[in-house]
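Trainee: I am new to this structure and would like a close look at one part of it. Could you walk me through that part slowly?

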Amino acid sequence: MIARRDSVRHKHDSSNSGGGHTFTQRAGSESDHLTGAMNESPQRSFGLRRFWQIWQQVTLVALRGLITLAKFALTFYIARVLGLADLGLYGLLAGGTTIVPALFGFGITDWISRIIVNLPLPEAMPYMTSRVALSLAMHVVGQPLVWFANFALGAPIPWSLMALASPILFLEHLATDAHDILTLRGRIYLAGVLLFMRAGLWPPLIMVWAWFDASARTLDHLLLGWITSLVLVWIVLVLHLLAHRRWRFVGLRVRWLIDCIRNSMPFYLQDISG
């Protein structure tokens with residue numbers, strides 16, 4: 001009997017010892033698996049970040065190429081379908097969208113770039129909104145004067161063209177400021193996408209529309225498409241401002257803005273006169 005009990009006890013102990021050894025092996029295996037996953041996680045995260053950076057760079061280059069193609073196709077479309085007179089008017093308006101930001105920017109872009117490039121967002125936002133507010137003020141004051149001058153001179157510019165050109169010059173000026181600010185803040189991908197929306201997306205859509213609808217083959221329809229693209233750009237910018245409650249940091253630095261204009265005026269006048 002005693003020998004039998006010892007035999008049973010020995011088997012029981014052997015069974016427990018084997019089970020404990022198996023449990024230890026499983027625990028060790030799970031620990032090794034978790035350690036391997038933790039070691040692979042930073043590598044996988046780095047790989048995803050690297051892929052995203054390459055994707056952004058390729059996308060930006062592709063968008064730039066599409067913008068160039070869209071502008072070339074639009075020029076050919078206007079000359080072939082609308083006529084050389086409309087091509088001249090479109091060229092003057094396109095040139096105005098480049099001249100107006102340079103003329104009414106007062107050369108303060110260099111000054112603001114030195115400030116906002118490294119500041120935290122709560123500190124940089126008032127400087128950015130002050131820059132845009134200056135452009136807004138220039139159009140609020142300047143455009144009524146242009147309309148009055150056109151009236152006083154007997155309307156050499158048709159009122160229908162004035163009604164379409166004014167919002168284009170206004171929205172393009174603000175969009176140019178926003179593009180510069182986004183680039184300075186490192187939002188290069190968003191700036192590139194918005195540039196494509198206002199320069200490369202709408203021309204092919206207008207040309208396709210005119211292909212199917214002969215009544216759309218006018219300069220007015222083309223300019224309306226341009227305005228629509230600018231409105232969509234600003235809807236995206238407003239949504240970007242509302243995201244994460246960025247609007248809380250909006251403010252004005254009037255004294256700083258006056259100092260910037262005064263300090264940059266000699267260089268600005270030299271650039272304009274040159």
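This is a predicted model: local features need pLDDT of at least 70, side-chain atom pairs count only at pLDDT 80 or more; totals for chains, interfaces and linings use all residues.

Trainee: Are Asp 177 and Arg 131 buried or exposed?

Mentor: Residues are numbered from 1 along each chain as its sequence is written, and side-chain values use heavy atoms, with hydrogens and water left out. Asp 177 is buried, and Arg 131 is too; buried means under 20% relative accessible area, exposed over 50% and partly exposed in between, with a 1.4 Å probe and protein chains only. Their side chains form a salt bridge, N to O 3.5 Å, a term for a side-chain nitrogen of Lys or Arg within 4 Å of a carboxyl oxygen of Asp or Glu. This pair links distant parts of the chain, with Asp 177 in helix α5 and Arg 131 in helix α4 (residues 121-152), 46 residues apart. Helices here are DSSP runs of H or I, at least four residues, numbered from the N terminus.

Another salt bridge joins Arg 198 and Glu 172, at 2.6 Å, N to O. Here too distant parts of the chain are linked, as Arg 198 belongs to helix α6 and Glu 172 to helix α5, 26 residues apart. Arg 198 counts as buried because its relative accessibility is 10%, and Glu 172 is buried with a relative accessible area of 6%. A search of the whole structure finds three salt bridges; one of them pairs Asp 259 with Arg 262, with the closest N and O atoms 2.7 Å apart. Asp 259 and Arg 262 both sit in helix α8 (residues 254-273), three residues apart, about one turn of the helix.

Conventions
Helices (H or I, at least four residues) and strands (E, at least two) are DSSP runs, numbered from the N terminus.
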